[in-house]
Amino acid sequence: MNLIRKHCAHMGSVLALSSNPGHQNWPFSKDHLPSRWDAHPAHWDRPPRWERRDGRLPNPGSFHSLHRSCKGLQDLHKTAGFMPNFAQVSHTLHLSAVSPSYYRFHVEHLQSDDYSKDKDAPALIGEMDSSGSLNAHALLHLTERVRARTVFQTQQSQFVTWQFETEYRGSDFTAAVTVANPDILRESVILVAHFLQSVSSGLVLGGELVYHRGRAEEGGILTLAGQYSGPNWVATLNAGKGGAHASYYHRANKQIQVGVEFEASTRTQETTASFGYQMDLPEANMVFRGMINSRCIIGGVLEKRLTPLPATLIMGAFVNHKGDKLQVGLGVNVG
């Protein structure tokens, strides 16, 4: 059971550098230069931002956001954005008889929205749970085209991740360099380089290079990426020595969205496929999201805005057929 109290709706996920190269998740999705799929869901009724009247190619956005449209449908732990998310504070209490109970405190400060004129304001995200683990992210727009990110993650009293990224966004390309977990004493470091180029109005090509150096090992992994998008759909593929990641997102109309995703890892020798969908019912102030994957896990979340009260009722359930487990949750967002 989750009991959530918020001063503003929609809590973004807070995730550090993934151990799977080419598959990182980032909490910062506010892009000020035009890109294809960076519009906030609340702004989907507006003209697409990637249609540039001057005929120039659009900026392809961040490498971390290539699969974001499809991933967002399958993230059943997020909250629908009924309200713009400026600054927000949340408290989460999880009580369960099958898993450890915990308390989590979350605070965010973001730019006002995708069309904010305040482009130089920093974005801060922090989260701490009852075990003492901390996630902290900071984003700063140094100029209109240059952004800097820092990420710190601890597990209890031990540092797990600390990384620094600099990203440059040109008119039709994006380049970024990330330094993760540098350790001078152990002579180890992880360097990640990203590059995306808009080839046409619908095609983006690029890649990722991950270099790891340690006392006992040294190596690199190259991943190529491509994305092709239409007026209401987008197909993305990442492939390299570390595995493959493909996704297809389709927005049928303003109410229905669907997405299919496939992932294969050569490191873990695992392959997964998943399907997610979202149905918006604005007349009823309701949002329903569901997902199913090849691990026989089925989940669904229903959110109901309790107008005229400033609250949202959340009901969710997850069934793991292989593990013979069932989880049911009930929550309320206030704000």
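R104 and E127 form a salt bridge, with the closest N and O atoms 3.5 Å apart; the term is used here for a side-chain nitrogen of Lys or Arg within 4 Å of a carboxyl oxygen of Asp or Glu. Because R104 lies in strand β3 and E127 in strand β4 (residues 123-129), the pair ties together parts that are 23 residues apart in sequence. Strands are DSSP runs of E with at least two residues, and helices are runs of H or I with at least four residues, both numbered from the N terminus.

R104 counts as partly exposed at 23% relative accessibility, whereas E127 is buried, with a relative accessible area of 12%. In these terms buried means under 20% relative accessible area, exposed means over 50%, and partly exposed is in between, with a 1.4 Å probe and protein chains only.

This is a predicted model, in which local features need pLDDT of at least 70 and side-chain atom pairs count only at pLDDT 80 or more, while totals for chains, interfaces and linings use all residues. Residues are numbered from 1 along each chain as its sequence is written, and side-chain values use heavy atoms, with hydrogens and water left out.

The structure holds 11 salt bridges. One of them joins E165 to R149, where the closest N and O atoms are 2.6 Å apart; this pair links distant parts of the chain, with E165 in strand β7 and R149 in strand β6, 16 residues apart. Both E165 and R149 are buried.

The side chains of R169 and E167 also meet in a salt bridge, at 2.8 Å from N to O. R169 is buried, with a relative accessible area of 3%, and E167 counts as buried at 1% relative accessibility. Through salt bridges that share partners, R147, R149, E165, E167 and R169 are joined into one network.

## Aromatic pairs

A pair of aromatic rings is described by the distance of the centres and the angle of the planes. Rings of Phe, Tyr and Trp (its six-membered ring) pair if their centres lie within 6.5 Å, and planes under 30 degrees apart count as stacked, over 60 as edge-to-face and the rest as tilted. By this rule the count comes to 8 aromatic pairs. Among them, F152 and F164 form an edge-to-face pair, 5.9 Å centre to centre with 80° between the planes. This pair links distant parts of the chain, since F152 is in strand β6 (residues 146-155) and F164 in strand β7 (residues 158-169), 12 residues apart. F152 counts as partly exposed at 32% relative accessibility, and F164 counts as partly exposed at 35%.

Y168 and F173 form a tilted pair, 5.9 Å centre to centre with 40° between the planes. Y168 is partly exposed, with a relative accessible area of 36%, and F173 is partly exposed as well, with 24%. Ring pairs link Y168, F173 and F195 into a cluster.

## Antiparallel strands and their hairpins

Two strands are taken to pair if DSSP finds at least two bridges between them. Strand β8 (residues 173-183) and strand β9 (residues 188-198) run antiparallel and are joined by 9 bridges, and A175 stands opposite F195 in β9. The hairpin of β8 and β9 has 4 residues between the strands, and within this hairpin E187 takes a positive phi near 55°. β9 in turn pairs with strand β10 (residues 203-213) in the antiparallel sense over 10 bridges, with V189 opposite R213 in β10, and a hairpin joins β9 to β10 through 4 residues.

In the hairpin of β16 and β17, which has 3 residues between the strands, C296 takes a positive phi near 65°.
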